[in-house]
Amino acid sequence: MTPGQTLAAILLALAIGFGGAWQVQGWRMGEQLAEQAGLHKDDLAAISNAASTQTRAEQDKRLALEQKLSGQDQQHTKELSDAQRNQARLRDQLATADVRLSVLLAEDPASGCNVPAAPGAAGVVHATRRAQLDPAHAQRIIAITDAGDQGLIALRACQAYVRALAP
């Protein structure tokens, strides 16, 4: 064999050896890549399941909050309706003179009549002096208290809403 042929045989053997090593390395890398792809697929499935579970939990919380707020809204609407109905009934009673509004009069020490408001030993009750209001003034007072009642009911509704939203 000539030195050129020997060299060619050595080069051919080296090329076959490198090619075989390259092929074996490729198989190993392919196995590793397949294993990593499987692990990655499992990780993605776990992440997807966790996200789905968290989404369902958040939706359940939101639904519960919506139901709670709806119940509170119904309660406050009923309170407002009841207050308006009571105010309307009182206004009607004032208009028909079924009911009269009166105010307590302050005791006048200058009058010289200091009769105690509490009943005495004889059982005679001296009531405090009262003055009846004009029906028009009574109507205005009822309108003012109606607006105040509505404001308080709205305030309680807002406070309940904020408490429901706060963690």
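Trainee: What makes Glu79 and Arg156 a salt bridge?

Mentor: This is a predicted model, and in it the closest N and O atoms of Glu79 and Arg156 are 3.2 Å apart. The cut-off is within 4 Å, between a side-chain nitrogen of Lys or Arg and a carboxyl oxygen of Asp or Glu, so the pair qualifies.

Trainee: Which parts of the chain does that pair link?

Mentor: Distant ones: Glu79 sits in helix 1 and Arg156 in helix 2 (residues 135–165), 77 residues apart.

Trainee: Why is Glu79 called partly exposed?

Mentor: Its relative accessibility is 23%. Buried needs under 20% and exposed needs over 50%, so Glu79 falls in between. Arg156, at 40%, gets the partly exposed label too.

Trainee: How do you know that Arg91 and Asp146 meet in a salt bridge?

Mentor: The N to O distance is 3.8 Å, and that is within 4 Å, so it counts. Arg91 lies in helix 1 and Asp146 in helix 2, so this pair ties together parts 55 residues apart in sequence.

Trainee: And Asp146, buried or exposed?

Mentor: Buried: Asp146 has 13% relative accessibility, and the label needs under 20%. Arg91, at 28%, is partly exposed.

Trainee: What separates Asp82 and Lys78 in helix 1?

Mentor: About one helical turn, because they are four residues apart in that helix (residues 3–95).

Trainee: Why does Lys78 count as exposed?

Mentor: Lys78 comes in at 53%, and exposed means over 50%. Asp82 is at 21%, so it's partly exposed.

How values were computed. Residues numbered from 1 in each chain as written. Predicted model: local features only at pLDDT ≥ 70, side-chain atom pairs only at ≥ 80, totals over all residues. Heavy atoms only, no water. Helix = DSSP H or I, 4+ residues; strand = E, 2+ residues; numbered from the N terminus. Buried < 20%, exposed > 50% of the residue type's maximum accessible area, 1.4 Å probe, protein only.
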